[in-house]
Amino acid sequence: MFSRRIASRIGVGLGTLALASAPLAASAATGTHVPAKAPATCSNQGCNGKDPQATGCSQTYQARDIRTANIMSNGKKVGWVELRWSPYCGNNWARVVSAVGTANLAATATRSDGAKMSASGKGTVVWTPMIFGRDLCVSATGTINGATATTSCG
């Protein structure tokens with residue numbers, strides 16, 4: 001009886017393994033797969049001054065905001081400024097997001113050595129070109145309709 005249970009469990013296990021493997025085998029046989037995300041078109045100092053979206057740096061693995069500051073006007077949050085970072089590209093950029101709809105926006109990413117990248121426009125989101133920031137201190141300043149906030153250095 002004991003050996004039948006083991007054999008039965010092994011049989012079920014092998015059947016489950018065969019069923020679980022079937023889609024993989026079919027996928028391998030037909031050559032279909034989900035392609036990996038294309039890498040960014042630049043890295044490190046080669047990204048300096050370039051658009052994080054156009055280069056793919058904003059979509060790379062682990063691209064994220066590392067510092068955020070709320071932009072306040074008359075005690076009301078009108079939006080926020082983010083210091084963004086792509087470890088793959090080695091660059092930072094500032095992004096400003098309006099919480100009050102279309103507004104006059106400005107963003108600046110400032111490195112501790114005084115180098116800056118800025119952008120401005122009317123809309124709901126604006127971001128700067130990238131500034132090389134690997135192992136450097138960079139902050140972001142954002143303005144929405146004249147109200148300003150700055151992140152700490154990240």
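Buried residues, meaning those under 20% relative accessible area with a 1.4 Å probe and protein chains only as cover, make up 34% of the 154 residues in the protein. The structure is a predicted model, in which local features need pLDDT of at least 70 and side-chain atom pairs count only at pLDDT 80 or more, while totals for chains, interfaces and linings use all residues. Residues are numbered from 1 along each chain as its sequence is written, and side-chain values use heavy atoms, with hydrogens and water left out. The accessible surface, computed by the Shrake-Rupley method with a 1.4 Å probe, comes to about 8900 Å². Carbon and sulfur atoms account for 57% of this surface.

The secondary structure consists of two helices and nine strands. These elements are DSSP runs numbered from the N terminus, with helices (H or I) of at least four residues and strands (E) of at least two. From the N terminus on, their order is α-α-β-β-β-β-β-β-β-β-β. Contact is defined as heavy atoms within 4.5 Å. Among contacts between residues at least 6 apart in sequence, 50% join residues at least 24 apart.

Four strands form an open antiparallel sheet in the order 5-4-8-9, where two strands pair if DSSP finds at least two bridges between them. Strand 5 (116-123) and strand 9 (147-150) are the edge strands, each pairing on one side only. Strand 8 (residues 138-144) and strand 9 are joined in the antiparallel sense over four bridges. In strand 9, Ala-149 is the bridge partner of Gly-142, and Thr-150 stands opposite Thr-141. Two residues lie between the strands in the hairpin of strand 8 and strand 9, where Asn-145 takes a positive phi near 50 degrees. In a regular strand the side chains alternate between the two faces of the sheet. Strand 9 has Ala-147 and Ala-149 on a covered face and Thr-148 and Thr-150 on an uncovered one.

A nonpolar core is a set of buried Ala, Val, Leu, Ile, Met, Phe, Trp, Tyr and Cys residues joined through side-chain atoms within 4.5 Å. The largest such core has 20 residues, and those with the most contacts inside it are Ile-71, Val-81, Val-96, Leu-105, Val-126 and Ile-144. At least two residues of this core are supplied by each of strand 1 (64-73), strand 2 (76-86), strand 3 (91-98), strand 4 (103-111), strand 5, strand 8 and strand 9. Strand 4 gives the largest share, four residues. Leaving aside neighbours within four places in sequence, Val-96 is in contact with residues including Ile-71, Val-81, Leu-105, Val-126 and Ile-144. A second, separate core of seven residues includes Ala-40, Cys-42, Cys-57 and Met-130.

Two loop residues were also examined. Thr-60 lies between helix 2 (52-55) and strand 1 and is buried, with a relative accessible area of 10%. The side chain of Thr-60 makes a polar contact with that of Ser-86 at 3.0 Å. A polar contact is a pair of N or O atoms within 3.5 Å; within protein, one must be able to donate a hydrogen and the other to accept it, and residues adjacent in sequence count only if both atoms are side-chain atoms. Beyond neighbours within four places in sequence, Thr-60 is in contact with Ala-40, Ser-86, Tyr-88 and Cys-89.

Ala-99 is found in the loop between strand 3 and strand 4. Ala-99 is partly exposed, with a relative accessible area of 46%, where partly exposed covers values between buried and exposed (over 50%). Not counting residues up to four places away in sequence, Ala-99 touches Lys-77, Val-78, Gly-79 and Trp-80. Ala-99 and Trp-80 are 19 residues apart in sequence and 7.8 Å apart in space, C-alpha to C-alpha.
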